[in-house]
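The sequence and model come first, followed by the points by topic.

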Amino acid sequence: MYLLTQGLYSLLCVIGFSIIFNLPRRLIPLASTSGMLGWIVYILLQQTAASFIIPAFVGSIFVGTIGELAAIYKKQPATIFIIPAIIPFVPGYGIYYTMFHIIDNNFSQALVTGGESIFIAISIACGVVIATSVVRYIRPYIESRFAK
């Protein structure tokens, strides 16, 4: 039940950000599904992985790959699918608590939460870059395969 509710919340989150980013209506379902599936991968890995970085990294690779493949399929830029779908991964809670601890003069805890947030953000960026690089490398094969 937890996984289902998390999937629904992430779907609604990505739909909302897709509307904010003015995605064409016909592309919102694909971008939202990509974000939901990426978040489900994130939740599953978060329950099993010891690191807080690995789930965000693998989830962003998943979202980046789906976004790049959707871009090939729909003949649209990949950022249309990747940016809204990656929003659920952004460590907003960590950034909030970093600022909270700074205001509270608890600088050691601010360093811990800020460091975690930075590492999560870097892992998200690296995951998207890896997915984009791999799909761009195999893109000619994909396009020739499906052009027939």
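**Burial around H101**

H101 counts as buried, at 13% relative accessibility. The model is a predicted one, and H101 sits in its helix α5, which spans residues 92-103.

**Contacts of H101**

- Leaving aside neighbours within four places in sequence, H101 is in contact with N106, F107, Q109, A110 and T113.
- The burial of H101 follows from the cut-off, because buried means under 20% relative accessible area and H101 has 13%.

**Salt bridge**

- How many salt bridges does the structure hold? There is one.
- The salt bridge joins the side chains of E68 and R136, with an N to O distance of 3.4 Å.
- E68 belongs to helix α3 (residues 54-74) and R136 to helix α6, so the pair ties together parts that are 68 residues apart in sequence.
- Side chains of opposite charge can pair when their charged atoms come close.
- The two partners fall into separate accessibility classes: E68 is buried, with a relative accessible area of 2%, whereas R136 counts as partly exposed at 47% relative accessibility.

**Aromatic pairs**

- Seven aromatic pairs are found in a search of the whole structure.
- One of them is F17 with F21: the ring centres are 5.9 Å apart and the planes stand at 45 degrees, so the pair is tilted.
- Helix α2 (residues 28-48) holds both W39 and Y42, which are three residues apart, about one turn of the helix.
- Are W39 and Y42 buried or exposed? W39 is buried, and Y42 is buried as well.
- W39 and Y42 also belong to a cluster with F89, linked by ring pairs.

**Helix α2**

- The 21 residues of α2 reach 31 Å from the first C-alpha to the last, close to the 30 Å expected at 1.5 Å a residue.
- The buried residues of α2 are I28, A31, S32, S34, G35, G38, W39, V41, Y42 and I43.
- Which helices do the buried residues of α2 pack against? They pack against α1 (2-20), α3 and α4 (79-86).

**Helix α4**

- Why is α4 described as largely enclosed by the rest of the structure? Six of its eight residues are buried, so the description applies.
- Those buried residues of α4 are I80, F81, I82, P84, A85 and I86.
- α4 is also one of the helices against which the buried residues of α2 pack.

**Nonpolar surface patch**

- F52, I118, F119 and I122 form a nonpolar patch on the surface.
- Together these four residues have about 390 Å² of accessible area.
- At 48% relative accessibility, F119 counts as partly exposed, because exposed requires over 50% relative accessible area.

Terms used. Residues numbered from 1 in each chain as written. Predicted model: local features only at pLDDT ≥ 70, side-chain atom pairs only at ≥ 80, totals over all residues. Heavy atoms only, no water. Patch = residues over 30% accessible without salt bridge, like charges linked within 9 Å, V, L, I, M, F, W, Y side chains within 5 Å. Areas by Shrake-Rupley, 256 points an atom, 1.4 Å probe, with all protein chains shown as cover. Buried < 20%, exposed > 50% of the residue type's maximum accessible area, 1.4 Å probe, protein only. Helix = DSSP H or I, 4+ residues; strand = E, 2+ residues; numbered from the N terminus. Contact = heavy atoms within 4.5 Å. Phe/Tyr/Trp six-rings, centres within 6.5 Å; stacked < 30°, edge-to-face > 60°. Expected span 1.5 Å × (residues − 1).
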